[in-house]
Each structure stands twice: as structure tokens, then as C-alpha cells.
Amino acid sequence: MTDPIADYLTRLRNAIKAKHRVVDIPASNLKREMTKILFDKGYILNYKFVDDGPQGSIKIALKYDPVNKVNAIKVLKRISTPGLRRYAGHKDMPRVLNGLGIAILSTSKGVMTDKEAKDLNVGGEVLCYIY
């Protein structure tokens, strides 16, 4: 697999379109951190790290509105790809949907959102936009 982050986002996107409650994703340290951010920001209902086999997996419970059956995540967009890396400094941090969405960044201080990176005055690779 050339791009595990794109695979992670695609599995989430496909599960949302198919109206699944739970999605299983192969684990890595970066995917674990991204999942924690999605949970902290309220985009997913719950998650569980399962250590089965050498790699393990992540079980993610998706969050739906009980009345309209609409998912909390509208768009998952990959920004930095293996063929074209996108970086942002702390001064030119991207604003997703004028501050309503989040950008997940990989920085020297770990994986974090755009707002946290701006507060810490640190830049990094822009992995994806979520809103």
C-alpha cells in the first residue's frame, strides 16, 4: 500500500456512505493518533484499539444524528500525498471552512489539529481536512 492515510480516509468515507455503524481499519501509530483527534473533536462516537496479529486494528463507531440519520463527518479530504507533500508554517496555517472544520497536521511535536499547531507556533505536513 502506497498511501495508508488515504486508505484510512477512504475506509471511513465508504463506511459513512454505506451507513455502517462500525468500521474496521488496519492500525498504525499515525492512524491511532488521527482517530484520537476525531474522537476528541466529536466526529466519531467511539473507538477501540484491537491488538490482533502483528499490526492490530482500529474499530471505529461512527456518529450519526438520530433524527435525520446524517453523519457528523461531511467531507474527508486528503491534502498531502506521497507524490506531492504539502507543508504549512505556523503563520500560514490553513483554515478549514472558515474555522468550522479541522486540518490534521503531522508536526515535530506529534499529530495535532491546525488550531493546536497555531497555538504552539509549530508548522508541519497537512495530512487532511475534515468537516
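Q: Which residues touch the most other members in the largest nonpolar core?
A: First, a caution: this is a predicted model. The largest nonpolar core has 26 residues. Those that touch the most other members are Tyr8, Leu12, Met34, Ile60, Leu62, Ile104 and Ile130.

Q: And which elements supply this core with at least two residues each?
A: The helices are α1 (4-17) and α2 (29-40). The strands are β1, β3, β6 (102-107) and β8 (124-130).

Q: Where does the largest share come from?
A: From α1, with 6 residues.

Q: Let's take Ile60. What does isoleucine 60 touch?
A: Leaving out residues up to four places away in sequence, Ile60 touches Tyr8, Leu12, Arg21, Val22, Val23, Ile25, Thr35, Ile44, Asn46 and Tyr47.

Q: What does a second, separate core include?
A: That core has 10 residues, among them Ala88, Ala103, Leu105 and Met112.

Q: Switching to strands. Which residues of β1 are on its covered face, and which on its uncovered one?
A: Strand β1 covers residues 22-26. Val23 and Ile25 make up the covered face. Val22, Asp24 and Pro26 are on the uncovered one.

Q: How many bridges join β1 to β3?
A: There are 5, and the two strands run antiparallel. Strand β3 spans residues 57-62.

Q: What stands opposite aspartate 24 in β3?
A: Lysine 59 does.

Q: New topic: rings. How many aromatic pairs are there?
A: The count is 2, taking ring centres within 6.5 Å as a pair.

Q: Why is the pair of phenylalanine 39 and tyrosine 47 edge-to-face?
A: Their ring centres are 5.3 Å apart, and the planes are at 75°. Planes over 60 degrees apart count as edge-to-face, so this pair qualifies.

Q: What about tyrosine 47 and phenylalanine 49?
A: That pair is tilted, because the planes are at 50°. The ring centres are 5.1 Å apart.

Q: Which residues do the ring pairs link into a cluster?
A: Phe39, Tyr47 and Phe49.

Q: Is phenylalanine 39 buried, exposed or partly exposed?
A: Partly exposed, at 32% relative accessibility. Tyr47 is partly exposed too, with a relative accessible area of 25%. Phe49 is at 26%, so it also counts as partly exposed.

Q: One more. What lies over the face of phenylalanine 49?
A: Arginine 32, at 5.1 Å from the ring centre.

Terms used. Residues numbered from 1 in each chain as written. Predicted model: local features only at pLDDT ≥ 70, side-chain atom pairs only at ≥ 80, totals over all residues. Heavy atoms only, no water. Phe/Tyr/Trp six-rings, centres within 6.5 Å; stacked < 30°, edge-to-face > 60°. Buried < 20%, exposed > 50% of the residue type's maximum accessible area, 1.4 Å probe, protein only. Lys NZ or Arg CZ within 6 Å of the ring centre and 35° of its normal. Helix = DSSP H or I, 4+ residues; strand = E, 2+ residues; numbered from the N terminus. Pairing = 2+ DSSP bridges. Core = buried A, V, L, I, M, F, W, Y, C linked by side-chain atoms within 4.5 Å. Contact = heavy atoms within 4.5 Å.
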